[in-house]
Structure formats: structure tokens, C-alpha cells
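The sequence and the structure are shown first, and the account follows.

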Amino acid sequence: QGGFTFTKDFGVPGTVSAQNITSDMETGLGGWTDGEILRAFREGVRRDGTALFPMMPYTSFRQMSDEDAKSVVAYLRTLPPVKNKVPERKLDFPVNLLIKSVPQPLDGPVSSPDPSDHIAYGKYLVTIAGCEECHTPHDDHGQLLPGMSYAGGWEMKGPWGLVVPPNITPDSQTYMGRATKAEFIARVKSFESI
């Protein structure tokens with residue numbers, strides 16, 4: 001139903017609220033076409049033509065295969081409608097102008113890699129999940145630090161406290177560098193019931 005608002009306390013240059021993505025006709029996606037939903041979450045363009053703030057990871061979701069993207073839309077259509085109008089976005093200058101240049105149209109169809117190619121398929125899943133965004137340190141302007149992909153250490157402060165994602169590179173000093181395949185799978189699956 002959306003509504004959680006990110007402010008400067010989260011490092012956002014203004015205020016951005018999570019949108020209502022239920023099937024409510026007035027305040028959610030109920031009146032949107034499938035194409036409008038796909039364009040929003042894969043290209044970063046809202047129904048009214050304005051750019052979404054890239055906190056919505058459309059720069060990652062654009063790599064999602066056409067088939068998987070259509071499945072996301074099909075699932076969203078099953079959500080019961082919840083009427084919840086969220087606050088309008090208010091971005092500070094010059095971000096309110098710069099944001100217009102972030103969305104990019106897809107170049108063409110996007111296919112999923114063969115699931116039997118574990119490395120290519122793993123890269124696909126890590127990309128569309130946005131793992132790099134959280135597991136990479138950021139500079140003072142919110143940009144990912146070059147050469148530090150997946151190295152962890154980005155301090156995310158919120159009402160829940162401080163969260164520091166770990167280094168998930170295969171560095172020998174990290175869990176990922178020491179864990180066996182079975183241990184890694186067990187750790188990831190331990191969150192299934194949460």
C-alpha cells in the first residue's frame with residue numbers, strides 16, 4: 001500500500017514516498033495498463049511521463065527478462081486493492097531537474113539467460129535483485145564507489161537503526177570467501193520462513 005517516506009535522514013535529496021502498488025483504481029495501479037507498469041519499473045517513467053526517483057531500482061530491473069517482467073505485472077494484478085494516497089515527491093534543486101535524465105528506454109527485447117548456465121543466471125538474479133546497490137559503499141553524493149562492487153560497508157541509517165551490509169565478494173577474509181556452496185545455500189534459505 002506504500003506510504004513509507006524517505007527523507008534527508010536517509011540521504012534522499014528531499015522526500016520520496018514508496019508508492020501504492022496495489023490494484024486500487026484511485027491510489028494504486030488499478031487503472032494502469034500492463035505496459036505502463038512495465039515502463040515504470042523497467043524504464044523509470046511514471047504513467048504521467050515523469051521520471052521515477054532511482055530509489056526504485058529500475059536501472060537494475062531493466063535487465064529483467066520480458067517473461068519475468070510480465071510475471072511481476074501478473075502478480076501485482078492479484079494484490080487486493082488498498083486505498084492509500086501517499087505524499088507527493090518533493091526533490092531539492094538541482095536533483096529535481098537532473099532526475100529527468102536518468103530514465104532510459106529499453107533497446108529491445110530482454111531475454112533470460114539459460115538457468116543451466118549457473119554463472120550467467122546468477123549474475124542475472126544478482127542484477128535484478130539490486131544486490132550491488134546495497135552491498136557497495138557509496139560516496140557523499142550517493143554514487144557507488146568505483147572498484148568496490150559488493151565489498152559491503154555502506155552505512156544505511158533509518159528508524160530501524162544502522163544496517164551495514166557485509167562484503168559479499170569471495171575475499172578470503174569474508175564469509176563468502178570461506179563458505180562452501182552448501183553453507184551459502186543454507187544461509188540464504190534460512191531466511192525463507194521470515
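Arg46 and Asp48 meet in a salt bridge whose closest N and O atoms are 3.6 Å apart. Asp48 is exposed, since its relative accessible area of 55% lies over the 50% required for that class. The model is a predicted one, and a search of the whole structure finds 7 salt bridges. Three of them are listed below with their N to O distances.

| Pair | N to O distance |
|---|---|
| Arg46 and Asp48 | 3.6 Å |
| Glu36 and Arg47 | 3.1 Å |
| Lys83 and Asp24 | 3.5 Å |

**Salt bridges across the chain**

Glu36 is paired with Arg47 in a salt bridge. Because Glu36 belongs to helix H1 while Arg47 sits in the loop between H1 and helix H2 (58-61), this pair ties together parts that are 11 residues apart in sequence. Glu36 has a relative accessible area of 24% and is partly exposed; Arg47, at 44%, is likewise counted as partly exposed.

The salt bridge between Lys83 and Asp24 is formed by their side chains. It links distant parts of the chain, 59 residues apart: Lys83 is in the loop between helix H3 (66-76) and strand E3 (90-91), and Asp24 is in the loop between strand E2 (14-17) and helix H1 (34-43). The cut-offs explain the assignment, because buried means under 20% and exposed means over 50%.

Asp48, in the pair described at the outset, is exposed. Elsewhere, salt bridges with shared partners join Asp24, Glu26 and Lys83 into one network.

The largest pocket has a volume of about 1,600 Å³. Its lining comprises 41 residues, and those nearest the centre are Met55, Glu133, His138, Gly142 and Trp154. Two or more lining residues come from each of H2, helix H4 (95-98), helix H5 (118-129), helix H6 (131-134) and strand E4 (156-158). Among the contributors to this pocket, H5 gives the most, with 5 residues. By class, the lining of the largest pocket consists of 23 nonpolar, 10 polar and 8 charged residues.

The second largest pocket has a volume of about 1,100 Å³. Of the 28 residues that line this pocket, Val126, Ile168, Met176, Phe184 and Val188 lie nearest its centre. The elements giving two or more residues to this lining are H5, helix H7 (175-178) and helix H8 (181-189). Which element gives the most to the lining of the second largest pocket? That element is H5, with 7 residues. The lining of the second largest pocket has 18 nonpolar, 7 polar and 3 charged residues.

Phe4, Trp160 and Val163 make a nonpolar surface patch of about 290 Å². Phe4 is placed in the segment before strand E1 (5-6). Phe4 is partly exposed, with a relative accessible area of 38%.

Conventions. Residues numbered from 1 in each chain as written. Predicted model: local features only at pLDDT ≥ 70, side-chain atom pairs only at ≥ 80, totals over all residues. Heavy atoms only, no water. Salt bridge = Lys/Arg side-chain N within 4 Å of Asp/Glu carboxyl O. Helix = DSSP H or I, 4+ residues; strand = E, 2+ residues; numbered from the N terminus. Buried < 20%, exposed > 50% of the residue type's maximum accessible area, 1.4 Å probe, protein only. 1 Å grid on protein atoms, 1.4 Å probe; cavity = no way out; pocket = protein on both sides within 12 Å on 5 of 7 lines; lining within 4 Å. Points joined across faces, edges and corners; volume = space filled by probe spheres on them. Nonpolar A, V, L, I, M, F, W, Y, C, P; charged D, E, K, R; others polar. Patch = residues over 30% accessible without salt bridge, like charges linked within 9 Å, V, L, I, M, F, W, Y side chains within 5 Å. Areas by Shrake-Rupley, 256 points an atom, 1.4 Å probe, with all protein chains shown as cover.
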